[in-house]
Amino acid sequence: MGPDLSVSKGYTPATMAALNCPLDEPLLAPGKDENHRGGGGGDDVASMEAQLLHHGKGASFSRSCLNLSNVISGVGMLSVPYALAQGGWLSLALFALVGAVCYYTGELVGRCMRADAFVRSYPDIGELAFGRGGRKAIGAVMYAELYLIAISFLILEGDNLAKLLPNTSVALPGGYYILEGKLLYILVAAVGVLPTTWLRDLSVLAYVSALGLVASVALTASLVWGGLAEHGFHAKDGNVFSLAGLPTSLSLYFVCFSGHGVFPTVYTSMRNKKDFSKVLLTSSVLCSLNYALTAVLGYLIYGDDVKSLVTLNLPSGKVYTKVAILTTLVTPLAKYALVIQPITTGIEEKLSLAGGQGGGLPRAAISTAVLVSTVVAACTVPFFGYLMSFIGSSLNVTVAVLFPCLSYLRIYMPRGVVRRREVAAICASPS
């Protein structure tokens with residue numbers, strides 16, 4: 001087993017005793033598991049894990065569903081018709097498989113969070129499983145993934161606003177430089193999203209998440225509207241299966257279910273942490289249905305001509321185009337604060353500010369600095385589709401599949417509570 005996180009976080013034996021959690025007492029008593037092995041062993045393990053689930057202040061079940069759904073459902077919805085076009089109709093089976101795998105690994109993240117009372121973040125899971133090296137490795141990949149996703153949100157805002165309001169420019173004082181097009185709108189989006197990055201309470205962010213989910217449904221409705229008004233529902237050059245486009249299709253499907261790096265944040269914010277599995281299942285099913293509907297509708301309308309952002313296929317000047325673009329503007333704004341929260345929290349911990357020293361000003365300064373850096377990066381990354389494909393093919397698969405599986409096995413196998421068929425299923429997953 002990895003190092004004792006309680007010590008690294010400043011918990012002494014006296015503190016642990018006061019919390020009725022002795023340092024020398026094993027989390028999952030192997031004797032109990034042996035007594036029940038072969039009949040109800042899984043229930044016994046779940047019962048023992050329940051010792052670590054505590055009730056208190058935090059986000060309710062419904063608000064947790066809103067937050068987690070907002071994490072899962074995002075800009076991947078704009079790329080999923082393109083992913084279907086790349087892989088063909090049979091790639092929908094691959095989409096279902098990816099969704100099932102990411103749901104299962106989300107469950108593994110929840111189990112790892114319950115493995116120790118003081119695990120509160122993804123890097124904490126890495127430290128519990130693999131020591132300080134694991135913490136650094138998992139933290140580096142997770143932060144890189146979330147950072148690139150935040151950049152993609154700003155790129156999306158700039159592209160869509162430039163399409164909605166073309167030929168707009170603003171001259172800086174003195175007239176030495178003129179902001180226009182995508183650059184101007186990236187800055188406007190950054191100013192709009194800045195206040196939400198200062199919020200720490202996810203119960204409050206649930207209201208912002210609700211706006212993002214409404215926008216996702218409205219986007220699908222606008223695609224139906226556009227299809228009925230202009231193109232009709234037929235695949236122009238639709239293909240059943242394309243092996244050459246399968247890698248792109250697979251990576252974009254993984255982008256649809258990205259967000260595992262934020263799962264511990266949502267878990268920690270919950271009032272009743274034993275409901276995490278229900279929250280995850282509800283959110284995954286709803287988001288999967290919306291993704292699949294958007295993919296099918298987008299491909300039926302535009303066929304192989306669908307672009308990496310389906311909104312770029314909509315004709316300019318139409319009412320439904322403006323509705324679609326306006327809804328896509330809401331989604332990144334609603335998700336940005338959730339995505340960068342683990343990054344800002346990690347920086348706070350590094351600077352010993354996690355306990356709230358210095359009030360809210362240091363957090364606001366850190367969040368602002370992170371936002372400014374993503375703005376600079378967004379202005380230099382021109383191709384949204386390539387960025388999303390890179391996130392899906394490399395970082396997201398690592399964070400969403402590889403790390404949860406390895407961490408779960410490393411934490412629980414020494415305790416003798418992992419069944420052989422579960423190990424086989426994990427080894428057979430497309431990690």
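Accessible areas are those given by the Shrake-Rupley method with a 1.4 Å probe. On this basis the chain, which is a predicted model, exposes about 18,400 Å², of which carbon and sulfur atoms supply 65%. Of its 431 residues, 52% count as buried, and the secondary structure comprises 17 helices and 2 strands. Among the contacts that join residues at least 6 apart in sequence, 82% link residues at least 24 apart.

The mean pLDDT of the chain is 80, and 81% of the residues score at least 70. Confidence is highest in helix α7, residues 91-113, at a mean of 96, and lowest in helix α3, residues 30-36, where the mean is 39. Over residues 1-55 the pLDDT is below 50, although this stretch has 74 contacts in the model beyond near neighbours in sequence. Where pLDDT is low, the predicted coordinates should not be read in detail.

Helix packing is illustrated by α8 and α15. Helix α8, residues 122-164, packs against helix α15, residues 360-378, at an angle of about 65°, and the two axes are 9 Å apart; the crossing of α8 and α15 is right-handed. On the α8 side the contact is formed by Tyr 147, Ala 150, Ile 151, Leu 154 and Ile 155, which meet Val 370, Ser 373, Thr 374, Val 375, Ala 377 and Ala 378 of α15. By class, the contact of α8 with α15 contains 9 nonpolar and 2 polar residues, with no charged residues.

Helix α15 also holds Arg 363. With a relative accessible area of 8%, Arg 363 is classed as buried, because that value falls under the 20% cut-off. When residues up to four places away in sequence are not counted, Arg 363 touches Thr 197, Trp 198, Leu 199 and Arg 200, together with Gln 341, Thr 344, Thr 345 and Glu 348.

A further residue, Gly 58, is found in the loop between α4, residues 41-49, and α5, residues 61-72. Its relative accessibility is 23%, and Gly 58 therefore counts as partly exposed, a class that lies between the limits of 20% and 50%. Apart from its neighbours within four places in sequence, Gly 58 is in contact with Ser 203, Ser 269, Met 270 and Arg 271. The C-alpha atom of Gly 58 is also separated by 8.4 Å from that of Thr 268, a residue 210 residues apart from Gly 58 along the chain.

Terms used
Residues numbered from 1 in each chain as written. Predicted model: local features only at pLDDT ≥ 70, side-chain atom pairs only at ≥ 80, totals over all residues. Heavy atoms only, no water. Helix = DSSP H or I, 4+ residues; strand = E, 2+ residues; numbered from the N terminus. Buried < 20%, exposed > 50% of the residue type's maximum accessible area, 1.4 Å probe, protein only. Contact = heavy atoms within 4.5 Å. Axes fitted to C-alpha atoms, helices over the stretch in contact; angles between N-to-C directions. Left-handed = near helix turned anticlockwise from the far one by under 90°. Nonpolar A, V, L, I, M, F, W, Y, C, P; charged D, E, K, R; others polar. pLDDT = per-residue confidence, 0-100.
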